[in-house]
Amino acid sequence: MGLINFVRDYERVARFRLGKFEGMMGPGIVISIPIVHQIQKVDTRTAVLEIPRQTNITKDNAPIDIDFLVYMRVDINQAEKAVLEVEHYTSAVVGLATTTLRAVVGDISLDEVLSQRERINELIRTRLDQETGRWGIKVTNVEIREIEPPNDIQAAMTRQMSAERMRRSMVLEADGQREAAITVAEGQKQSEILRAEGDKQAEILKAEGDQQAAVLRASGFADALQRIQDTATGLGGNTMTLQYMDALKEMAAGESTKFVLPMEMTKLMSGIGNVMGGASTSENSN
């Protein structure tokens, strides 16, 4: 009587008939007859393999301890290779990953190992996947979990990081002082510009004020002169007549018997008459 085997979706069964491989069965029900059939199940889900910590030598002869994880799965389309081509494929992948790590780390320096984890992960994954492909195994990812250099190297790294932090601090402080000096200089520059503009505007306003004051003074002088001229023009004839009268009085009071009469005696007498008439009119009005 045959045995009934229930194969899940993520499983495949390799069935042998009297030691001869018949093929991969599943998922579903797979029947095997005792003594006639032998079966071997294969899990096609992704498995995580922990690679034990090991000491590796870098390109610059620095010992360093590394442990990492390998994510792998059996290719469902090539699952028979995991049965026919290799015995205990998980142990084979662990051993291959160990030797691959040593080969990769041996080609790079300590500084690169410490600073380029992603690059190392990809190198290991690519080399592993190329080797395990013949077993029907697909390596999907590799992750370095911990890198531990020797104590003396760790101390040197600590000193280096401290020096680097101090250097960055000094650079940042210098940059801050430079920016502050630039800001102060710009402020002083703007202040000088504004002060110069203010002085310039003040001088312009003062000059304009002086100009307007000079114009006003000149206009006042012109008005005053015009008024003086108008007044002198109205009083000139009468003043001259009175001066002639005074001169005649002085001549008459002298001992000389000769009189000098002006050529324009008619105009002089007319002026005297006008003056006298004006005087009498002023008395009558009073």
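Helices (H or I, at least four residues) and strands (E, at least two) are DSSP runs, numbered from the N terminus. Welcome to a predicted model, where local features need pLDDT of at least 70, side-chain atom pairs count only at pLDDT 80 or more, and totals for chains, interfaces and linings use all residues. Residues are numbered from 1 along each chain as its sequence is written, and side-chain values use heavy atoms, leaving out hydrogens and water.

View A. Let's start in the loop between β3 (20–25) and β4, where P27 lies. The peptide bond that links G26 to P27 is cis, with omega near -5 degrees.

**View B. L18, a residue with positive phi.** The loop between β2 (11–17) and β3 holds L18. Its phi is near 55 degrees, a positive value in a residue other than glycine. With a relative accessible area of 66%, L18 is exposed (exposed means over 50% relative accessible area, buried under 20%, partly exposed in between, with a 1.4 Å probe and protein chains only).

View C. H88 counts as exposed because its relative accessibility is 57%.

**View D. The buried residues of helix α4.** I120, N121, I124, R125, L128, D129 and T132 are the buried residues of α4. Seen down the axis of α4, these fall within an arc of 155 degrees, so they line one face of the helix (the arc is that of the directions from the helix axis to the C-beta atoms).
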